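Morning, everyone. Please have the sequence and the model open.

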Amino acid sequence: MLRKMLTKVILLALSCSAMSAEANQMTFSISKTWDSRPSDHDPIVIKLYPEGEFLVMEMDAPFFNDPPAPDGEAGKPFPKLWDYEVVEAFFLGADERYLEVEFSPHGQHLLLLLSGRKNAIKMCLPVDYTSTINGKTWHGVAKIPKSYFPPRVNLFNAYAIHGSGENRQYEALFPVPLGHFPHADFHRLEYFRYIEFEKLLPNINSLSDVWTKALENAGGELTCTEN
């Protein structure tokens with residue numbers, strides 16, 4: 001009898017743990033262009049969930065192979081990755097400080113810290129990122145350190161880019177209204193939307209050492225060099 005009771009308690013604990021992990025996961029689907037038109041392909045799905053002192057970002061997306069792969073090593077930062085096929089996410093905190101992350105299906109990545117709209121103060125931060133291409137789709141997994149996020153993140157947006165020339169496509173999780181702007185701009189912070197980030201990574205209430213040093217050296221760490 002005691003053994004049965006203990007078994008039930010253990011199973012209940014495991015069940016609660018699984019429910020808690022599920023509750024801490026957020027899933028987003030990008031299915032519109034930057035200006036609120038329906039996209040012409042399957043949506044890009046992004047999952048966010050905590051893992052210790054990291055935020056895991058998983059991506060599942062159609063693979064267009066357009067433009068061709070960047071001429072850079074997989075698993076390393078690549079400057080101007082936004083000129084290629086990418087999935088991006090922006091995490092906006094207090095005082096217009098935000099983290100921008102970009103991930104390629106070919107394995108390259110680009111992470112930037114910004115203080116003020118479009119004002120990058122550090123780029124090419126290292127990150128654990130892997131990607132796999134499976135025919136017409138790709139899957140990516142990034143583990144983003146907690147120290148990369150600014151204090152009090154509560155606004156968020158995500159984007160996807162593919163195509164070349166006139167066929168270049170810009171897509172957004174939270175797009176701008178149709179007809180409001182002539183071109184895409186992923187730094188229109190007023191269109192970001194609320195995210196309950198505390199459920200993912202709680203207690204980010206002050207600047208990390210990464211952010212403090214980046215602000216002190218603002219503009220001096222804008223190259224992709226080995227860290």
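A disulfide, as the term is used here, is a pair of cysteine sulfur atoms within 2.5 Å. Keep in mind throughout that this is a predicted model.

So, the disulfide. How many does a search of the whole structure find? The search finds 1. The disulfide joins Cys 124 to Cys 224, with an S to S distance of 1.7 Å. The pair links distant parts of the chain, 100 residues apart. Cys 124 is in the loop between strand S8, residues 120–123, and strand S9, residues 128–134. Cys 224 lies in the segment after helix H2, which covers 209–216. Which hand does the disulfide have? The torsion about the S-S bond of Cys 124 and Cys 224 is about -40 degrees, so the disulfide is left-handed.

Are the two cysteines buried or exposed? The cut-off for buried is under 20% relative accessible area. Cys 124 has 1% relative accessibility and therefore counts as buried. Cys 224 has a relative accessible area of 29%, which means that Cys 224 is partly exposed.

Next, the sheet. Strand S9, which follows the loop of Cys 124, belongs to an open sheet of 5 strands in the order S1-S3-S4-S10-S9. The pairing is antiparallel. S1, residues 26–30, and S9 are the edge strands, each pairing on one side only. From one strand to the next, the twist averages 15 degrees.

Ser 29 has Val 45 in S3 as its bridge partner. Ser 131 stands opposite Gly 140 in S10. S9 and S10 form a hairpin, and 2 residues lie between them. In that turn, Gly 135 has a positive phi of about 65 degrees.

Last, Asp 35. Where is Asp 35 found? Asp 35 sits in the loop between strand S2, residues 32–33, and S3. Its relative accessibility is 10%, so Asp 35 counts as buried. The Asp 35 side chain makes a polar contact of 2.6 Å with the side chain of Thr 33, and one of 3.3 Å with the side chain of Arg 37. Beyond its neighbours within four places in sequence, Asp 35 is in contact with Pro 175, Val 176, Pro 177 and Leu 178.

That is what I have.

Note on methods: Residues numbered from 1 in each chain as written. Predicted model: local features only at pLDDT ≥ 70, side-chain atom pairs only at ≥ 80, totals over all residues. Heavy atoms only, no water. Helix = DSSP H or I, 4+ residues; strand = E, 2+ residues; numbered from the N terminus. Buried < 20%, exposed > 50% of the residue type's maximum accessible area, 1.4 Å probe, protein only. Pairing = 2+ DSSP bridges. Axes fitted to C-alpha atoms, helices over the stretch in contact; angles between N-to-C directions. Polar contact = N/O pair within 3.5 Å; in protein donor to acceptor, adjacent residues only side chain to side chain. Contact = heavy atoms within 4.5 Å.
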